[in-house]
Each structure stands twice: as structure tokens, then as C-alpha cells.
Amino acid sequence: MDPMEDDTEQEQQQPQPQQQQQQRQQDMDLNGEPYSRCLSSYVDEGSTESHRYYLSRRTLLEMLRDRGYSVPAAEIEISLQDFRSIHGQTPDIERLRISASRRSS
């Protein structure tokens, strides 16, 4: 094996000092203090991913309703806990598809 290849592989596996410093800066506020936990993390024990999908889905359904599509109120008003019981902590994107038809005038 070529010694140059070993060096290249090790460089690719280890983060560069500049990348490490940028990551540390992203995890700190303007005063150099580390960010504290988000308030919702104290209340919500579920995954951030499922919470984001829940909020996105609800917003999309509200937008469809506001634009004249037929969307059942029960679909919009579903709770986060009910959403997670249906879709789990890591929702499958394919199961989140939405189909709505235009309300007749």
C-alpha cells in the first residue's frame, strides 16, 4: 500500500481544525456561551423530526383550506401525540402525502 494513500485516508477521516472551530462557533451565542436547550425540549419528549413534520403538515393543510380546498377540520386539529401514534418518531415521508380536492362553488 502506498504511504501517501494512508495519509489521505487519515485526513479524510479526521475533521480539520478549521471545521472543528466553525462547528464550535455555531454551537455558541455571540458572547461565546454555549446555547441552552430549547424550551420545547423540556416539555416534548419526542423527536424533533416528528415535531417538524407535524408542524409542516398542519401548516400545509391550513394553507390548502384557505385556498379553497376541501380539508377536514379533524385532519388539521390532530394533536402531536396522535400524529406520533400514527406516524411514529421518524415519519415515513411517503406516508405523509396529502390529497385534497377543490371545493365546489
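Contact is taken here to mean heavy atoms within 4.5 Å. The structure is a predicted model, in which local features need pLDDT of at least 70 and side-chain atom pairs count only at pLDDT 80 or more, whereas totals for chains, interfaces and linings use all residues. Residues are numbered from 1 along each chain as its sequence is written, and side-chain values use heavy atoms, with hydrogens and water left out.

The chain has an average pLDDT (the predictor's confidence in each residue, from 0 to 100) of 80, and 68% of the residues score at least 70. Six helices and two strands are present in the chain; these elements are DSSP runs numbered from the N terminus, with H or I over at least four residues for helices and E over at least two for strands. Along the sequence they follow the pattern α-α-α-α-β-α-α-β. Among the elements, the lowest mean pLDDT, 53, belongs to helix 1 (residues 3-13), and the highest, 96, to strand 1 (residues 69-70). Of the 105 residues in the chain, 16% are buried, where buried denotes under 20% relative accessible area, exposed over 50%, and partly exposed the range in between (1.4 Å probe, protein chains only). Of the contacts in the chain with a separation of 6 or more, 64% are accounted for by residues 24 or more positions apart.

The largest nonpolar core consists of five residues, namely Tyr54, Ile78, Leu80, Phe83 and Leu96. Such a core is a set of buried Ala, Val, Leu, Ile, Met, Phe, Trp, Tyr and Cys residues joined through side-chain atoms within 4.5 Å. Tyr54 lies in helix 4 and is classed as buried because its relative accessible area is 9%. Apart from residues up to four places away in sequence, Tyr54 touches Ile78, Ser79, Leu80 and Phe83. Phe83, with neighbours within four places in sequence left aside, is in contact with Ser50, Tyr53, Tyr54, Arg57, Ile78, Gly88, Pro91 and Leu96.

Arg57 is likewise found in helix 4, which spans residues 48-66. This residue is buried, since its relative accessible area is 16%. Beyond its neighbours within four places in sequence, Arg57 is in contact with Glu75, Ile78, Phe83, Leu96 and Ile98.

The axes of helix 4 and helix 6 (residues 80-87) come within 10 Å and cross at roughly 110°. Helix 4 is therefore roughly perpendicular to helix 6. The contact involves Ser50, His51, Tyr53, Tyr54 and Arg57 of helix 4, together with Leu80, Phe83 and Arg84 of helix 6. Axes are lines fitted to C-alpha atoms, for helices over the stretch in contact, and angles between N-to-C directions run from 0 to 180 degrees. Angles under 35 degrees count as roughly parallel, over 145 as roughly antiparallel, 65 to 115 as roughly perpendicular and the rest as oblique.

Two loop residues were also examined. Gly46 is placed in the loop between helix 3 (39-43) and helix 4, and is partly exposed because its relative accessible area is 25%. Excluding residues up to four places away in sequence, Gly46 touches Arg84 and Gln89. The C-alpha atoms of Gly46 and Gln89 are separated by 6.6 Å, although the two residues are 43 residues apart along the chain. Thr90 occupies the loop between helix 6 and strand 2 (101-102); its relative accessibility of 57% is the reason that Thr90 counts as exposed. Between the C-alpha atoms of Thr90 and Thr48, which are 42 residues apart along the chain, the separation is 9.1 Å.

In strand 1, Tyr69 counts as partly exposed because its relative accessibility is 27%. Tyr69 is in contact with Leu64, Ala100, Ser101, Arg102 and Arg103 once its neighbours within four places in sequence are left aside. One of these residues, Arg103, is 34 residues from Tyr69 in sequence and 5.3 Å from Tyr69 in space, C-alpha to C-alpha.
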